Amino acid sequence: MYSHLNAQTNDEALLGKDITLSIGAGKNKFFENYQFELAAPLEVPINLNIGINKQIEIGLEWSPLLFNDKSPYSFEGYDSTRNQFAGNLQNSNLNFQYSLNNYYRMNGYFQVNGGYSYLHKKQWIAGDLNEVIGEGYNWSFGGGIRYQLGNEYDDVFPWFFDISLVYTRYNINTTAYKINTISQPKGEGYWNDLKFGSLDVIMRFGYRLRFKK
């Protein structure tokens, strides 16, 4: 039988001064830019939030997106054993979260966040490594549900699961374009600034610290 010594006896999912730390994994679908047609991004967000009161949390988020490759392998030429798409997109954001409800073990919320983005996109085209490097900003909004673990005594445990659906908008200025590590002159299409959207589905696993009053 689980001892409820580790339980947090107040049955509300969020209180002021609660600190939550979570790590997650998500899938992203980019829109409006042909440069990411072959990308299969995987997001790994890490969040640290602080409860201001029973409805509002603010915090920080570091959210790296790793670009996997979804194109088929080509067995023509020497590049046949190499993925055609790689790189990453790093986001460092401020996070605001408003609880739409705050019940025992369940917390539905609306969130907005935004901050700095850094892009390093790698793509092999006809055996040549094309790199696009840039930086800019992002903003997003969405909603989710947090489910707290608990027991039959209406105690709420510190561990929780979270799932959210978020739309993110990126505005990135291209600072470098290289082919096989050689910088290319401006005027090429890849020098264009990148403005695109992303639909993100994210699942998180986290831990909440609730300090005794």
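Predicted model: local features only at pLDDT ≥ 70, side-chain atom pairs only at ≥ 80, totals over all residues.
Residues are numbered from 1 along each chain as its sequence is written, and side-chain values use heavy atoms, with hydrogens and water left out.

Let me begin with strand E2, residues 39-43, where strands are DSSP runs of at least two residues, numbered from the N terminus. Because 4 of its 5 residues are buried, E2 is largely enclosed by the rest of the structure; buried here means under 20% relative accessible area with a 1.4 Å probe, protein chains only. Two strands are said to pair if DSSP finds at least two bridges between them, and E2 pairs in the antiparallel sense with strand E1, residues 19-31, over 2 bridges, and with E4, again antiparallel, over 5 bridges. Within these pairings, Lys27 has Leu42 of E2 as its bridge partner, and Glu43 stands opposite Leu65 in E4.

Leu65 brings us to the core. The largest nonpolar core has 12 residues, including Leu65, Ala39, Tyr170, Ile172 and Leu194; such a core is a set of buried Ala, Val, Leu, Ile, Met, Phe, Trp, Tyr and Cys residues joined through side-chain atoms within 4.5 Å. Strands E4 (56-69), E5 (85-99), E8 and E10 (194-209) are the elements that give two or more residues to this core. Setting aside residues up to four places away in sequence, Tyr170 touches, among others, Phe30, Leu65, Leu89, Leu194 and Phe196, contact meaning heavy atoms within 4.5 Å.

A polar atom of its side chain lies 3.0 Å from the backbone oxygen of Asn192, and, leaving aside neighbours within four places in sequence, the contacts of Thr174 include Val132, Gly134, Trp191 and Leu194.

The largest cavity has a volume of about 110 Å³, and of the 15 residues that line it, the closest to its centre are Glu43, Glu61, Asn113, Ser140 and Thr168. Strands E4, E5, E6 (106-125), E7 (128-150), E8 and E10 each supply at least two residues of that lining. A cavity is a set of points on a 1 Å grid over the protein atoms alone where a 1.4 Å probe fits but cannot get out, and lining residues have an atom within 4 Å of a point.

Definitions and conventions
Polar contact = N/O pair within 3.5 Å; in protein donor to acceptor, adjacent residues only side chain to side chain. Buried < 20%, exposed > 50% of the residue type's maximum accessible area, 1.4 Å probe, protein only. 1 Å grid on protein atoms, 1.4 Å probe; cavity = no way out; pocket = protein on both sides within 12 Å on 5 of 7 lines; lining within 4 Å. Points joined across faces, edges and corners; volume = space filled by probe spheres on them.
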